[in-house]
Amino acid sequence: MRIKTRIVFFISFVSVFLNGLHAANSDSDSLILGCGSENEAKDADGRKWQPDSKYLTGSKGSPAQAQYQDPALLSEVPYMKARIFTSNATYKFPVKPKQRYIIRLYFYPAVYGSNNAEQSYFAVIANGITVLQNFSASITCKALTQAYIMREYFLAPLNKDSLEVTFSPSAGFAFVNGIELIGTPDMFGSATIVGASDQTFDGKITNLQTMFRVNIGGQFISPTNDSGALTRTWIYCSC
Ligand SMILES: *[C@@H]1O[C@H](CO)[C@@H](O)[C@H](O)[C@H]1NC(C)=O
Ligand SMILES: *[C@@H]1O[C@H](CO)[C@@H](O)[C@H](O)[C@H]1NC(C)=O
Ligand SMILES: *[C@@H]1O[C@H](CO)[C@@H](O)[C@H](O)[C@H]1NC(C)=O
């Protein structure tokens with residue numbers, strides 16, 4: 001059954017508000033997984049990415065190495081390795097029932113052995129919510145003129161002790177290079193939806209997707225330079 005949950009798209013322009021929040025989470029609430037990797041590996045920022053296979057239930061797909069490193073990649077880790085799924089595969093992550101989590105998915109649409117990401121279309125379902133549908137990392141990256149892409153979602157509290165994330169190929173295969181799961185404090189209250197003053201949403205129980213996180217009037221902030229432990233990436237704008 002597909003749970004019908006609204007994903008409210010939001011732009012977190014309010015950097016002052018979010019920056020001021022200090023994460024109440026500890027490292028034990030966070031998972032940083034380099035998909036298809038057999039050993040712990042550090043990225044260019046010094047963060048450690050752990051192997052992913054023990055979190056897969058059933059089909060483990062296959063680990064793969066990208067054939068080519070795009071010069072635009074900030075770091076070899078997690079992008080040069082991937083896990084390829086030719087049929088449905090599900091990760092099961094331990095979570096705290098009442099906690100909100102950020103999940104970040106990293107995709108580098110390259111050629112992985114005989115699997116060319118140009119032929120890959122897939123869905124990602126997290127906690128019953130379809131966060132990506134018939135997704136082509138290749139087409140999306142071309143449209144954005146980026147070598148890689150990260151997608152970030154704030155999941156509402158799950159009310160159970162595990163989070164299931166399913167990769168489901170719709171054509172070709174599915175793949176993923178990295179997955180981060182970060183426990184977060186409650187950041188969102190209720191608010192009126194911009195442009196629809198008769199509608200409100202309750203941030204405590206809503207699933208959200210980050211579109212942009214802009215440090216207005218400030219500089220680029222890398223995950224390790226973020227305040228607290230949420231390892232957010234802030235782009236800057238010279239507006
Ligand atoms: C794979 O997952 C999709 C999405 O949840 C589902 O519609 C489909 O029936 C699944 N396929 C198999 C073979 O289980
Ligand atoms: C998936 O997207 C591709 C490219 O836009 C399109 O050609 C294809 O028909 C879509 N498949 C489904 C099942 O929607
Ligand atoms: C983090 O911030 C310091 C001080 O502003 C800066 O020198 C450093 O380059 C930043 N690190 C990254 C990875 O952006």
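Me: What makes strand β20, residues 207–216, count as mostly covered?

Reply: This is a predicted model. Seven of the ten residues of β20 are buried in it. A residue is called buried if its relative accessible area is under 20%.

Me: Which way do β20 and strand β21 run, and what joins them?

Reply: They run parallel, and three bridges join β20 to β21, which covers residues 235–237. Tyr 236 in β21 has Asn 215 opposite. As for what holds such pairs, strands of a sheet pair through backbone hydrogen bonds, either parallel or antiparallel.

Me: Why is Thr 90 called buried?

Reply: The relative accessible area of Thr 90 is 15%. Buried means under 20%, so Thr 90 is buried. Thr 90 is found in strand β8, residues 89–94.

Me: Which residues is Thr 90 in contact with, leaving aside its neighbours within four places in sequence?

Reply: They are Tyr 55, Leu 56, Thr 57, Glu 164, Val 165 and Thr 166. With Thr 166 there is also a contact between side chains, a polar one at 2.8 Å. The cut-off for a polar contact is 3.5 Å, so that pair of side chains qualifies.

Me: What makes β5 and β13 edge strands?

Reply: An open sheet of five strands has the order β5-β8-β15-β12-β13, with antiparallel pairing. Both β5 (56–57) and β13 (129–135) pair on one side only. For β5, the pairing with β8 is antiparallel over two bridges; pairing needs at least two, so the pair counts. Leu 56 has Tyr 91 in β8 as its bridge partner.

Me: What is the order of the open sheet of three strands?

Reply: The order is β6-β7-β16, and the pairing is antiparallel. The edge strands, each pairing on one side only, are β6 (62–65) and β16 (174–176). From one strand to the next, the twist averages 35°.

Me: How do you know that β6 and strand β7 pair?

Reply: Four bridges connect β6 with β7 (residues 81–85), in the antiparallel sense. Since at least two are required, the strands pair. Opposite Pro 63 stands Arg 83 in β7.

Me: Why is Gly 46 called partly exposed?

Reply: Its relative accessible area is 38%. Buried is under 20% and exposed is over 50%, with partly exposed in between, so Gly 46 is partly exposed. Gly 46 lies in the loop between β3 (41–42) and β4 (48–51). The C-alpha atoms of Gly 46 and Thr 224 are separated by 8.1 Å, while the two residues are 178 residues apart along the chain.

Me: Which residues are around ligand 1?

Reply: They are Asn 88, Ile 125 and Ser 168. Taken alone, ligand 1 exposes 360 Å², and the protein buries 25% of that.

Me: What makes the approach of Asn 88 to an oxygen atom of ligand 1 a polar contact?

Reply: A polar side-chain atom of Asn 88 lies 2.3 Å from an oxygen atom of ligand 1. The limit is 3.5 Å, so this is a polar contact. For Ser 168, a polar side-chain atom lies 3.3 Å from an oxygen atom of ligand 1, so that pair also falls within 3.5 Å.

How values were computed:
Residues are numbered from 1 along each chain as its sequence is written. Chains are lettered from A and ligands numbered from 1 in the order in which they are written. This is a predicted model: local features need pLDDT of at least 70, side-chain atom pairs count only at pLDDT 80 or more; totals for chains, interfaces and linings use all residues. Side-chain values use heavy atoms; hydrogens and water are left out. A residue is near a molecule or strand if one of its heavy atoms lies within 4 Å of it. A polar contact is a pair of N or O atoms within 3.5 Å; within protein, one must be able to donate a hydrogen and the other to accept it, and residues adjacent in sequence count only if both atoms are side-chain atoms. Accessible areas come from the Shrake-Rupley method with a 1.4 Å probe; for residues, only the protein chains shown count as cover. Buried means under 20% relative accessible area, exposed over 50%, partly exposed in between (1.4 Å probe, protein chains only). Contact means heavy atoms within 4.5 Å. Axes are lines fitted to C-alpha atoms, for helices over the stretch in contact, and angles run from 0 to 180 degrees between N-to-C directions.
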